[in-house]
Amino acid sequence: MKRHLVLITTLTAGLLFALGMLAPTSGAQTTPGTLNHCGANVVGKLANGEYVLGPQECFASQGEVNQYLASSAAGAPVGAAPLSPDTVLTTFYDPPSYNGTSFSVGYSCGSGYLNFTEFAYPGGGTWNDKVSAVVSSCSYVSLYYNVDLKGSVYYVYGEAILTGTGMDNEASSAGIAYG
């Protein structure tokens with residue numbers, strides 16, 4: 001999918017900034033107040049290792065996602081404590097700035113996987129071919145070019161911006177493991 005860029009002259013941009021109609025940015029960011037941060041909890045696993053996730057909900061901030069993942073509404077254990085390093089399993093980002101649109105998966109570092117084709121992307125479509133950065137509290141995340149852990153793979157230990165890796169906006173599935 002190609003993205004079209006709109007060029008604004010320096011003079012026009014300066015005028016819009018002076019009028020308060022254009023904010024300075026450092027990379028792509030979400031629009032305040034929009035529901036760009038989504039999350040779902042692992043509630044089970046199929047025989048083939050694919051995670052079964054609870055309801056996916058989207059919020060205006062990552063903090064709200066964290067609260068949702070710690071709630072029983074998301075399929076978390078009843079009376080779950082506020083987030084700890086084990087609570088948020090992995091967060092996937094688009095764009096690679098760690099502050100854009102995000103999808104977080106919580107409550108399990110047990111080995112399993114998910115297909116991005118199954119998760120709604122804010123604004124339409126799915127997370128397929130949208131992941132540009134990853135942060136994980138598990139041992140590692142393996143990103144695959146195709147669904148069901150097939151095709152080329154790229155391993156992430158902790159966190160990574162995927163620009164220049166060959167996997168930026170290319171992942172269709174992710175394996176998540178601990179140990």
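The model is predicted, so local features need pLDDT of at least 70 and side-chain atom pairs count only at pLDDT 80 or more, while totals for chains, interfaces and linings use all residues. Residues are numbered from 1 along each chain as its sequence is written, and side-chain values use heavy atoms, with hydrogens and water left out.

**The disulfide**

Select Cys38 and Cys58, which form a disulfide with their sulfur atoms 1.9 Å apart; the term denotes a pair of cysteine sulfur atoms within 2.5 Å. A search of the whole structure finds one disulfide. The link of Cys38 and Cys58 is right-handed, with 100° about the S-S bond. The pair joins distant parts of the chain, 20 residues apart: Cys38 lies in strand S1 and Cys58 in strand S3 (residues 57-59). Strands are DSSP runs (E, at least two residues), numbered from the N terminus. Cys38 is buried, at 0% relative accessibility, whereas Cys58 is partly exposed at 25%. Buried means under 20% relative accessible area, exposed over 50%, and partly exposed in between (1.4 Å probe, protein chains only).

**The aromatic pairs**

Rings of Phe, Tyr and Trp (its six-membered ring) pair if their centres lie within 6.5 Å; planes under 30 degrees apart count as stacked, over 60 as edge-to-face and the rest as tilted. By this rule there are eight aromatic pairs. Select Tyr93 and Tyr98: their ring centres are 5.5 Å apart and their planes stand at 90°, so the pair is edge-to-face. Tyr93 is buried at 11% relative accessibility, and Tyr98 is partly exposed at 27%.

Next, select Tyr140 and Tyr157, a tilted pair with 5.8 Å from centre to centre and 45° between the planes. Tyr140 belongs to strand S8 (residues 140-146), and Tyr157 to the loop between strand S9 (150-156) and strand S10 (159-161), 17 residues apart. Tyr140 is partly exposed at 26%; Tyr157 is exposed at 57%.

Then select Phe103, Phe119, Tyr121 and Trp127, which ring pairs link into a cluster.

Finally, return to strand S1 (residues 37-45) and select Val43, which is partly exposed at 44% relative accessible area.

Definitions and conventions: Helix = DSSP H or I, 4+ residues; strand = E, 2+ residues; numbered from the N terminus.
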